[in-house]
Amino acid sequence: IKFSRNGKFLLVAGGRGGQSGSAVLFNVETGAKVLEVGKSESDAVLAADISADQTQIAVGGPSKIIRVYNTLDGTVLREIKKHTDWVTTVEYSPDGVLLTTGDRNGGLFVWESFTGREYFSLRGHTAMITDASWRDDSNVLSSSSEDGTIKLWEMENGGNIKNWAAHAG
């Protein structure tokens, strides 16, 4: 569940494991359903986000594929097939230029959000990526992992600029 950057929409994703999944966009003011994407997913959607300009919704899950949908008509804009395990996190940068995705195998990638081209492969985590979050200026990405670490990455050349141990367990 995520708010759009402007706070006007709420994106809720999920489904039934091994059966179906989708992401639904709601208007916060009226509560009305605006759009549903991913209805053809054959498994639950584990991660989803809406771009800062509200033109794209990216979803990921057990299929190992990132699907990016057009919010105008719900069509698939692109599919990204790079992950080797379930996609566990998806988040657009605040400026909408980049998209980060992480998986159950410790894979963490940054993509150009409007082309789907790989921008960086961020290597360093050794277990499932549990979350990722952008700093407000979109120049630094944080990531957390089941390996017990939190890492900060700068977006000029993809370098790891800080690491620390998370809480035990």
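**Entry 1**

I began with Ser 138, which counts as buried at 4% relative accessibility, where buried means under 20% relative accessible area, exposed means over 50% and partly exposed lies in between, with a 1.4 Å probe and protein chains only. I noted that this is a predicted model, in which local features need pLDDT of at least 70 and side-chain atom pairs count only at pLDDT 80 or more, while totals for chains, interfaces and linings use all residues. Residues are numbered from 1 along each chain as its sequence is written, and side-chain values use heavy atoms, with hydrogens and water left out.

Ser 138 has a positive phi of about 65° although it is not a glycine, and I found Ser 138 in the loop between β13 (129-134) and β14 (140-145).

Lys 64 is another residue other than glycine with a positive phi, here near 70°. Lys 64 sits in the loop between β6 (56-60) and β7 and is partly exposed, with a relative accessible area of 36%.

**Entry 1: the sheet β5 to β8**

I then traced an open sheet of four strands, which run in the order β5-β6-β7-β8 with antiparallel pairing; two strands pair if DSSP finds at least two bridges between them. The edges are taken by β5 (47-50) and β8 (76-80), each of which has a single partner strand, so one side of each is left without a neighbour in the sheet. From one strand to the next the twist averages 15°, with axes as lines fitted to C-alpha atoms (for helices over the stretch in contact) and angles running from 0 to 180 degrees between N-to-C directions.

Between β7 (residues 66-70) and β8 I found antiparallel pairing over four bridges, and Ile 66 stands opposite Ile 80 in β8.

Which strands hold Arg 67 and Glu 79? I first looked up the contact itself: the side chains of Arg 67 and Glu 79 meet in a salt bridge at 2.8 Å, N to O, the term requiring a side-chain nitrogen of Lys or Arg within 4 Å of a carboxyl oxygen of Asp or Glu. Arg 67 lies in strand β7 and Glu 79 in strand β8, so the pair ties together parts that are twelve residues apart in sequence. Arg 67 is buried, with a relative accessible area of 15%, whereas Glu 79 is partly exposed at 39%. Both belong to a network of salt bridges that links Glu 41, Arg 67, Glu 79 and Lys 81.

The structure holds ten salt bridges. Among them is the one between Lys 33 and Glu 36, whose closest N and O atoms are 3.0 Å apart; Glu 36 is partly exposed, with a relative accessible area of 24%. Another joins Arg 117 to Glu 112, with the closest N and O atoms 3.4 Å apart. Arg 117 counts as exposed at 54% relative accessibility, while Glu 112 is partly exposed at 26%.

How many residues of strand β10 are buried? I found six of the six in β10 (residues 98-103), so the strand is largely enclosed by the rest of the structure. Leu 98, Thr 100 and Gly 102 point one way from β10, Leu 99, Thr 101 and Asp 103 point the other way, and all are buried. As a general point, side chains in a regular strand alternate between the two faces of the sheet.

β10 pairs with β9 (residues 87-92) in the antiparallel sense over five bridges, and the bridge partner of Glu 91 is Thr 100 in β10. Five residues lie between the strands in the hairpin of β9 and β10, where Gly 96 takes a positive phi near 80°.

β10 also pairs with β11 (residues 108-112), again in the antiparallel sense over five bridges, and in β11 Phe 109 is the bridge partner of Thr 101. The hairpin of β10 and β11 has four residues between the strands, and Gly 106 takes a positive phi near 90° there.

**Entry 2: rings**

Last, I looked up the aromatic contacts. Rings of Phe, Tyr and Trp (its six-membered ring) pair if their centres lie within 6.5 Å, with planes under 30 degrees apart counted as stacked, over 60 as edge-to-face and the rest as tilted. By this rule I count two aromatic pairs. In one of them, the rings of Tyr 119 and Phe 120 have their centres 4.5 Å apart and their planes at 65°, so the pair is edge-to-face. Tyr 119 is partly exposed at 34% relative accessibility, whereas Phe 120 is buried at 14%.

Conventions: Helices (H or I, at least four residues) and strands (E, at least two) are DSSP runs, numbered from the N terminus.
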